[in-house]
Amino acid sequence: MSWIAERRQRSRFEAVVLPHLDSAYSLARWLTRNEADAADVVQEACLRAFRYFDSYREGDAKSWLLRIVRRTSYTWLERNRPAELVALDAADEADGAAAVDRMPGAAEGEALLMNRSDLRRLDRLIEALPMPLREAIVLRELHELGYREIAEITGVPIGTVMSRLHRARSLLRRNWDGKDG
Amino acid sequence: MECAEARLRLDAYLDGELAGDDRAALREHLATCPDCAPELAALEGLRDSIRRSAPAYRAPPALRAQIRAGLRRERTANAAGGLSASAWVAYAASLLLAVAVGSGGTYLVLGERQQDTLAEEVIDSHLRSLLADHLTDVASSDKHTVKPWFAGKTDLSPPGVDLAAQGFPLVGGRLDLIAGRPVPALVYRAGKHVINVFVLPKARGDEPETVTRRGYSLRHWVSGDLGYWAVSDAAADEFDKFEHAFRAAVGG
């Protein structure tokens with residue numbers, strides 16, 4: 001292929017993908033919980049996306065890119081911090097069972113009113129969530145994506161997205177309520 | 001709408017994902033219920049706090065330049081006019097994996113954990129069928145209509161059983177995706193409650209169980225080559241009767 005065609009392919013890729021770089025970085029940052037690692041992951045994900053640019057069909061470039069970023073984050077963690085990934089899986093199971101306790105009649109009531117240092121604490125609570133719950137809540141609240149898009153990006157049915165969001169919120173609220181105890 | 005039903009829908013409502021009828025019914029309930037309204041307020045408070053506090057991180061400026069430079073070094077796979085050999089191998093491998101999953105490879109050994117995951121998926125499917133107004137693909141109380149409908153859509157043939165005489169009329173059938181494969185779901189009513197019966201292949205290490213999760217009870221039993229998963233929020237004694245009647249009719 002001539003360098004002209006290559007260059008054309010590259011600029012098309014850049015036009016489609018680079019506008020979503022902030023989103024990509026934000027997701028990687030929440031999943032790896034580290035700035036330098038997030039940059040590595042995004043760079044690797046972009047190269048991967050470029051290699052498979054053929055598989056991209058006109059449509060939702062953001063979801064397409066986020067799907068690749070998510071997968072790259074997982075492979076990156078498997079390769080570099082496998083212990084963390086296993087521990088997180090286990091935590092998901094355990095917390096999952098414990099989190100399903102918001103039953104009728106157990107209304108906890110008042111809204112969460114927070115000052116600035118509280119808000120930083122909330123960040124850390126989100127970072128402490130098991131990966132599947134964390135990615136669901138980040139994609140929903142910070143990327144403001146709908147259930148269908150989240151389901152596509154994370155590769156699970158919509159019902160699972162729904163229950164993960166529910167569990168994430170229950171955990172955040174429970175851990176928040178327990179902040180002084 | 002009762003509190004239990006309302007609670008299940010709060011997240012979807014908050015996220016703007018609840019369908020019209022459901023949304024109206026929930027609103028009506030929220031307007032009068034002293035327990036559920038504060039619960040929604042708490043969820044809204046949490047959402048607002050997250051959006052206010054949690055930074056949407058921005059890519060460092062250097063990253064953009066690094067990526068551009070990386071792309072320049074990279075040769076595209078389609079540069080040679082098609083997928084490269086290694087891309088084809090990866091593609092073929094992904095197809096093989098899909099076939100393995102689709103043909104029931106995942107069921108060969110079913111550990112406790114897989115069974116647990118299955119239970120979760122089954123409950124999710126049940127919830128989805130109720131929330132998304134997608135209870136049946138084929139609505140019929142006639143077992144001679146429901147059973148053949150599944151032919152060709154899944155390799156699992158569910159028994160055609162109507163239990164209207166025992167108080168559990170057949171409502172229809174639906175195709176759901178469980179563990180990555182299409183499986184038949186038979187839908188029954190028990191008074192106001194819905195009972196979904198999912199039919200999966202029997203697996204090694206398949207243990208009968210009765211569990212309650214998220215307010216739904218789930219019964220699992222094995223009969224012949226098939227594993228049955230029934231989910232409902234019907235009362236326990238009703239559910240007992242149903243399981244008994246269903247198993248008697250199937251002969252398992």
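Trainee: In the hairpin of β5(B) and β6(B), which residue takes a positive phi near 50°?

Mentor: The model is a predicted one. Two residues lie between the strands of the hairpin that β5(B) and β6(B) form. The residue there with a positive phi near 50° is Arg214(B).

Trainee: How many bridges join strand β5 to strand β6 of chain B?

Mentor: Strand β5 of chain B covers residues 209-213, and strand β6 of chain B covers residues 216-223.

Trainee: Which element gives the largest share of the side of chain A that touches chain B?

Mentor: In this contact, 52 residues of chain A meet 48 residues of chain B. Elements giving two or more residues to the chain A side include α1 (3-17), α3 (35-51) and α9 (158-177) of chain A. The largest share is 10 residues, and the element that gives it is α9(A).

Trainee: How many residues on that side of chain A are nonpolar?

Mentor: The side of chain A that touches chain B also holds 10 polar and 14 charged residues. The nonpolar count is 28.

Trainee: Which element gives the most to the largest nonpolar core?

Mentor: The largest nonpolar core has 57 residues, and Val42(A) is among those with the most contacts inside it. Not counting residues up to four places away in sequence, Val42(A) touches residues of chain A, including Ala24(A) and Val69(A), as well as Ala59(B) and Leu63(B). With eight residues, the element that gives the most to this core is α3(A).

Definitions and conventions
Residues numbered from 1 in each chain as written. Chains lettered and ligands numbered in written order. Predicted model: local features only at pLDDT ≥ 70, side-chain atom pairs only at ≥ 80, totals over all residues. Pairing = 2+ DSSP bridges. Helix = DSSP H or I, 4+ residues; strand = E, 2+ residues; numbered from the N terminus. Contact = placed C-beta atoms within 7 Å. Nonpolar A, V, L, I, M, F, W, Y, C, P; charged D, E, K, R; others polar. Core = buried A, V, L, I, M, F, W, Y, C linked by C-beta atoms within 7 Å. Buried ≥ 20, exposed ≤ 12 C-beta atoms within 10 Å, placed from the backbone.
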